[in-house]
Amino acid sequence: MNGDVLVRIHEVSKQFPGVKALDRVSFDVIKGDIHAIVGENGAGKSTLINIMSGVQYANEGNIYFRGEKLLLTHPMQAAKKGIAVVHQELNMVKDLNVVENIFLGHLQTKRIMGVPVVDKMGMRLQAEKLLDSLGVKIDVMAKTRKLSVSKQQIVEICKALIYDAELIIMDEPSATLTEKELHVLFGIIKMLKAKGVTIIYISHRLEEIFELADKVTVMRDGRHVKTCPVCCLTKQQLITAMVGRELASEYPKQPSSIGTPALEVRGLCHKKLGLKDISFTANKGEILGIAGLVGAGRTELAKCIFGAYRRDAGEIFLEGKPVKIANVRDAIKKSIALMPEDRKTDGIILGMQVQHNISMVGIKRILHGGILSRRAERALALGYVDTLSIRVPDVYRLTRNLSGGNQQKVVLAKWLAVQASVLIFDEPTRGIDVGAKAEIYRLLSDLAVQGKCIIMISSEMPELMGMCDRMLIMHEGHISGELKRNEFSQEGIMQLMVDAVS
């Protein structure tokens with residue numbers, strides 16, 4: 001093996017019942033590189049990570065680390081060999097402090113009168129030294145639940161470094177971070193690279209790949225497509241390699257006829273949530289974007305409209321008529337729907353079948369004489385599986401087994417089944433791949449053409465600019481500006497986000 005190769009993946013295959021997750025995958029990772037792995041959901045990235053970290057085993061093929069064949073049956077074995085994983089779903093005990101989380105499963109001890117005891121002070125000093133080396137200030141005695149997501153992410157990285165990890169695998173580390181937090185994370189990643197740590201970086205955000213990575217491996221349908229230096233690819237070439245086809249447009253928005261007001265909010269306030277005197281109108285056939293930095297109040301506003309939070313003041317009008325929305329049930333009766341930011345917690349029930357998730361809100365529509373008709377439920381679900389192109393073998397499949405993009409479509413199907421006319425999408429493409437993003441954008445555009453009122457909240461400025469007819473910008477709980485499509489510019493939007501308007 002070439003001395004510069006740290007990891008060699010050779011002809012690795014993995015079979016699950018009815019699914020070949022990996023099919024003879026082979027590529028090398030060079031020592032000291034930031035090596036990106038990209039692909040649509042279902043491409044096999046997570047399965048490959050799980051094999052490399054000892055969570056699963058390969059049915060065929062081998063993985064070599066420092067020239068030796070990896071034979072792992074447990075993640076702790078991988079950690080001891082110098083392989084660490086920073087997962088997308090943060091893996092920590094929120095009621096333990098930073099030191100306890102960093103050393104979890106790896107406690108340091110000292111002997112007092114011959115008796116081994118936990119070396120709390122030694123671990124604290126090590127943790128502080130490690131954080132100082134990363135240029136980050138975190139109170140190591142603070143409970144991790146009190147830390148921001150970005151600081152929790154840094155604690156996860158510290159857990160990897162405590163094991164003197166030579167290889168760190170980062171799975172979607174930026175998915176929930178703000179631009180400012182991303183800047184800190186990228187600085188740490190570049191610092192680790194400078195120290196000789198090899199990083200495998202997985203992300204759906206392609207701009208990050210071009211900023212960070214030395215090489216990129218593209219996977220599709222469980223197979224290796226290509227590995228090459230990032231500098232040899234354009235963004236469009238990378239997308240085409242990932243999806244196996246040209247995407248006609250990154251933001252496939254169709255022109256729609258914007259009609260009369262569907263939703264009007266007047267003077268909405270919620271003191272505890274920091275929402276102040278919010279007023280706006282959203283029209284039929286329009287995609288209205290809501291932009292703002294994290295903490296600006298976008299999600300809180302959506303939940304107030306949807307009845308999840310009871311507002312202190314303000315009125316809501318639907319098609320010009322005042323309506324009372326005191327709770328979520330009222331909003332549903334008035335044909336308002338919310339696709340939440342965290343679909344796995346608030347949008348779907350992962351342990352429930354696809355057909356049950358689709359029918360749950362509109363279950364009265366499939367009751368015959370007060371009894372649930374399984375035939376009607378299946379027919380309803382199959383109709384939306386077809387209409388929304390939900391990729392699932394059958395509607396009896398548990399929703400947790402679907403990719404992120406298909407889970408998002410199930411949430412949408414749930415609301416279309418009750419014929420919602422005002423649809424609020426909070427971060428509709430978070431954590432889904434470029435191919436699924438294009439499908440979600442197309443669905444949003446189709447709904448607007450059908451005359452639905454679409455409100456789209458997003459932290460990704462390009463997708464708001466690409467998809468919206470009009471945009472509201474929020475800053476510290478109020479609307480700091482409104483822009484029409486022909487007025488969109490990243491500089492103008494950012495200025496309103498920070499409220500730096502002269």
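Visitor: Which residue is the bridge partner of I290 in strand 22?

Guide: Helices (H or I, at least four residues) and strands (E, at least two) are DSSP runs, numbered from the N terminus, and two strands pair if DSSP finds at least two bridges between them. Here I290 has I457 as its partner in strand 22. L288 is bridged to I455 in that strand. Strand 15 (residues 287-292) and strand 22 (residues 453-457) run parallel, joined by four bridges.

Visitor: Before I go on, what kind of model am I looking at?

Guide: A predicted one, where local features need pLDDT of at least 70, side-chain atom pairs count only at pLDDT 80 or more, and totals for chains, interfaces and linings use all residues. Residues are numbered from 1 along each chain as its sequence is written, and side-chain values use heavy atoms, with hydrogens and water left out.

Visitor: OK. How many bridges pair strand 15 with strand 23?

Guide: Five, again in the parallel sense. L288 sits opposite R470 of strand 23.

Visitor: In what order do the six strands of the open sheet come?

Guide: Read across, the order is 18-21-22-15-23-24, with mixed pairing. Strand 18 (336-339) and strand 24 (478-484) are the edges, each pairing on one side only. For angles, axes are lines fitted to C-alpha atoms, for helices over the stretch in contact, and values run from 0 to 180 degrees between N-to-C directions. Neighbouring strands here are turned by 20° against each other on average, direction ignored.

Visitor: Is strand 15 buried or exposed?

Guide: Buried means under 20% relative accessible area, exposed over 50%, partly exposed in between (1.4 Å probe, protein chains only). Six of the six residues of strand 15 are buried, so the strand is largely enclosed by the rest of the structure. I287, G289 and A291 point one way, while L288, I290 and G292 point the other.

Visitor: And which strands does helix 17 touch?

Guide: Contact means heavy atoms within 4.5 Å. Helix 17 (residues 490-497) packs on the sheet and touches strand 15, strand 23 (470-475) and strand 24, its direction making about 35° with that of strand 23.

Visitor: Which strands does helix 14 lie across?

Guide: Helix 14 (residues 404-416) lies across strand 18 and strand 21 (422-426), running at about 175° to strand 18.
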